[in-house]
Amino acid sequence: MATRPLEIGPAGLHAARAIEHIRLALGLTQHQLAARCTAMGRPMTNTALSRTERAHRRCDIDDLVVIAAALGVPLTALLPLRARPDAHPRHVGADARGRAQEALLG
């Protein structure tokens, strides 16, 4: 049985847009950013980066960490505000627990 690719959720979509926005603000091409990632020990092609920015490819945590470093920004700059530790942690945790319970209970 063929497996379906996992959907890219709201956090992934936000990260994709943030990567592109910051890259463009820095005046970097996709080739340049991919080369920086590769030089930092995480091989990445410009095609993979393009697919990530267009949300056609999931960005795993290792990619996200090196992309943030290659852009010279903190990792949290690529995350949605609600996912940041400084964004009302009590409410974020409560929301996450509620969503987890919904997912488990249907």
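Author: Let's begin with handedness: a crossing is left-handed if the near helix is turned anticlockwise from the far one by less than a right angle, and right-handed if clockwise. Helices (H or I, at least four residues) and strands (E, at least two) are DSSP runs, numbered from the N terminus. In your model, the crossing of H2 and H3 is right-handed. Keep in mind that this is a predicted model, where local features need pLDDT of at least 70 and side-chain atom pairs count only at pLDDT 80 or more, while totals for chains, interfaces and linings use all residues. Residues are numbered from 1 along each chain as its sequence is written, and side-chain values use heavy atoms, with hydrogens and water left out.

Reader: How many helices and strands are there in the chain?

Author: You'll find 5 helices and 0 strands, so to speak an α-α-α-α-α run from the N terminus on. Of the 106 residues, 25% count as buried (buried is under 20% relative accessible area, exposed over 50%, partly exposed in between, with a 1.4 Å probe and protein chains only). As for contacts, meaning heavy atoms within 4.5 Å, take those with a separation of 6 or more: residues 24 or more positions apart account for 51% of them.

Reader: Back to that crossing, then. At what angle do the axes of H2 and H3 cross?

Author: Here's the general idea: two packed helices are described by the angle between their axes and the distance between the axes. Each axis is a line fitted to C-alpha atoms, for helices over the stretch in contact, and angles run from 0 to 180 degrees between N-to-C directions. For H2 and H3, the angle is roughly 110° and the axes come within 8 Å. That makes the two helices roughly perpendicular (the label covers 65 to 115 degrees; under 35 is roughly parallel, over 145 roughly antiparallel, and the rest oblique). On the H2 side you have Gln30, His31, Leu33 and Ala34, which meet Asn46, Leu49, Ser50 and Glu53 in H3. Sorted by class, this contact has 3 nonpolar, 4 polar and 1 charged residues (Ala, Val, Leu, Ile, Met, Phe, Trp, Tyr, Cys and Pro count as nonpolar, Asp, Glu, Lys and Arg as charged, and the others, Gly among them, as polar).

Reader: And which residues make the contact of H2 with H4?

Author: First the geometry: H2 (residues 30-39) and H4 (residues 61-71) pack at about 110°, with axes 9 Å apart, and are therefore roughly perpendicular. This crossing is right-handed. H2 brings Leu33, Arg36 and Cys37, and H4 brings Val66, Ile67, Ala70 and Leu71. Those divide into 6 nonpolar, no polar and 1 charged.

Reader: Is H1 roughly parallel or roughly perpendicular to H4?

Author: H1 and H4 pack at about 20°, with their axes 11 Å apart, which makes H1 roughly parallel to H4. H1 passes H4 in a left-handed crossing. Look for Ala15, Ile19, Ile22 and Arg23 in H1 meeting Leu64, Ile67 and Leu71 in H4.

Reader: Which residues are buried in H2?

Author: A handy rule: an α-helix has 3.6 residues a turn, so residues three or four places apart point the same way. In H2, Leu33, Ala34 and Cys37 are buried. Seen down the axis, they fall within an arc of 100° (taken over the directions from the helix axis to the C-beta atoms), so they line one face. They pack against H1, H3 and H4, while the face turned away carries exposed His31 and Ala39.

Reader: Is Glu53 buried or exposed?

Author: Glu53, in H3 (residues 46-53), is buried, with a relative accessible area of 7%. Leaving out residues up to four places away in sequence, Glu53 touches Ala16, Ile19, Glu20, Arg23 and Gln30. Now compare His21 in H1 (residues 10-25): at 57%, His21 counts as exposed.

Reader: Last one: where is Ala55?

Author: Ala55 sits in the loop between H3 and H4 and, at 21% relative accessibility, is partly exposed. Most residues other than glycine have a negative phi. Ala55, though, has a positive phi near 60°. Just after H2, Gly41 has a positive phi of about 100°.
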